[in-house]
Amino acid sequence: MTAQTAALPRDSDLIADSRTEPEAFAVLFDRYAGMLYRYVSRRVGPEIAEDLVGETFLAAFAGRSGYDLSYADARPWLFGIVTNLISRHRRTEAAHYRALQRSPIEDVAHSDDDRIAAGVTARAARPLLARALAGLAPKDRNVLLLVAWSDLSYEEVAQALGVPIGTVRSRLNRARRKVRSVLGDSNPMREEN
Amino acid sequence: MDDLTMLRDLGRTLEHEPPPSLVRQRQRLLEGARPRRGVPRLMRGWGLIGLAAVVTAAAIVVPTMIVHPRSAKTPVTDPAARPVEELNLLVLGVDRRIPVSVVGGPDKLGARSDTMMLVHMPADRKKITVVSIPRDTIIQIPACKDASGTSVPTHRGMVNSAFTDGGASCAEKTVESITGIRIDHVVEVQFDGLKNIVNALGGVEITLPKAVKDKDAGLDMPAGRHLVKGDEALAYVRTRHSLGNGSDVSRIERQQQFLASMFKKARSVLTDPVRLLAFLRESSKTIKTTPALDVQGMVGVAQSLAGVTSRDFRFLTVPWRPYRLDPNRIELRQPAADKLFTSLGGIPPKKTGK
């Protein structure tokens, strides 16, 4: 996502600097606040996303002395914090998905024909997907959505959640199985592949 | 189509772009980060309030009201030495330097209020609450009269446009209408007057991380520590382009540092009676109260504040959220906003149509 050239300090350098120069932490904010905002807005909606992003950085700042500087990329760390904070808003998240089941959402304009076809299928599936997401165990949902909605690798997701990579795989499999079963149960438009 | 692809598609639909107001969270981070570096507790809330807070603090919080150079000539009109009552001030940071063309048509005042604060002093003066209202808050502005006496009908607009439309009285009317709080005095604070206050203090020390050359703002200083005075001080707090990252937030941050430095200076000066007098004189030239506070009123306020320390101040920003029709603007977040107004003794208007 961010190609870090030699000229740019690595995240870990900034965190190290911030231990003596707190202002250095603001650079991390500039790098990742937008990314986190997008992710949070997907999960709990835009109303509380901004505040959650702010809290994420405050929590990260407070915990910066415990950061393992051998990890140059701070994104897994930040995603881990934001995931924890989202779990405090489980009700909001559930309501967010429930709302999606009720009201069809406007689609983004697709330009070419087969994307329209794919778009139709996807759109039809959205309420079902939302229902499936709402029904997942929080731990499974965290893994599934980090994999699907962030750019983190499995290894980074494991790092973010502080679990072994095998756990990430098993949670992901379980979550996907459930999602597929909800889609398969009641979606005749679903294509087999 | 596989489930992960569908999920990604769903995610894209749900995604929102970060609003510009996200920078406020950056400010929150910086405020959280700084206190350990010795910024007085009093200052923490001031960053969001902005520069006029300096002058206001000088004007209201610090001893202003004790001595007013014009006060001796002002007849005492107050009918009675009133007992201490609740007092609500609306403080406006006003920048008259803004060219008329920037503000609007030729019928506009050419003045802009970028800072708006409601200062609530309860009758017991135990806790003083300062609520800042961000200038880009979209609210219903009541019908006002502009400078030429022409009526401006009620409309939705940015809260600071009330001042541009109809001056202090319109700003007062607007804030009263949304908060239901009766405002006793509007205090206009001139940005330009800041330099005189800084001069009266004998300058304020700033530290520049790197050399600054900004022709527009009239700044040309090498890196390091400087004692700034007059226009230079004004340019420093005003400039947006040549320092920091060019955002309003970085400017607010700089103003906050300036404030801290200024307060430090003010505290040392306050023990020097000669300089204190000059300081007060300059402060009072820079502020305008409507209706004007008379001697008795001022002395009364000053005395009522005698026991108040910086710890008794509470700094808040009115609860807000991004404005639904334009993410570059914000609107009051209800019911939190009304709850706040009610806690300050206001009777917010009943919402219709919602």
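**Helix packing and nonpolar cores**

In the predicted model, helix 7 (residues 138-149) of chain A packs against helix 8 (residues 154-161) of chain A at an angle of about 135°, and the axes of the two helices lie 10 Å apart. Because angles over 145 degrees would be needed for a roughly antiparallel arrangement, helix 7 of chain A is classed as oblique to helix 8 of chain A. The crossing of helix 7 of chain A with helix 8 of chain A is right-handed. Helix 7 of chain A contributes A:V143, A:L146 and A:V147 to the contact, while helix 8 of chain A contributes A:Y154, A:V157, A:A160 and A:L161. The contact between these helices comprises seven nonpolar residues, with no polar and no charged residues.

The largest nonpolar core contains 62 residues, of which A:F57, A:W149 and B:L7 touch the most other members. Helix 2 (residues 25-44) of chain A supplies the largest share of this core, with 11 residues. When residues up to four places away in sequence are not counted, B:L7 touches A:L129, A:L133, A:L144, A:L145, A:A148 and A:W149. Another core, of 27 residues, lies apart from the largest one and includes B:V131, B:V159, B:F163 and B:V175.

The secondary structure of chain B consists of 12 helices and 16 strands. Chain B has 354 residues, 53% of which are buried. Among contacts in chain B with a separation of 6 or more, 66% are between residues 24 or more positions apart.

How values were computed. Residues numbered from 1 in each chain as written. Chains lettered and ligands numbered in written order. Predicted model: local features only at pLDDT ≥ 70, side-chain atom pairs only at ≥ 80, totals over all residues. Heavy atoms only, no water. Axes fitted to C-alpha atoms, helices over the stretch in contact; angles between N-to-C directions. Helix = DSSP H or I, 4+ residues; strand = E, 2+ residues; numbered from the N terminus. Parallel < 35°, antiparallel > 145°, perpendicular 65-115°, else oblique. Left-handed = near helix turned anticlockwise from the far one by under 90°. Contact = heavy atoms within 4.5 Å. Nonpolar A, V, L, I, M, F, W, Y, C, P; charged D, E, K, R; others polar. Core = buried A, V, L, I, M, F, W, Y, C linked by side-chain atoms within 4.5 Å. Buried < 20%, exposed > 50% of the residue type's maximum accessible area, 1.4 Å probe, protein only.
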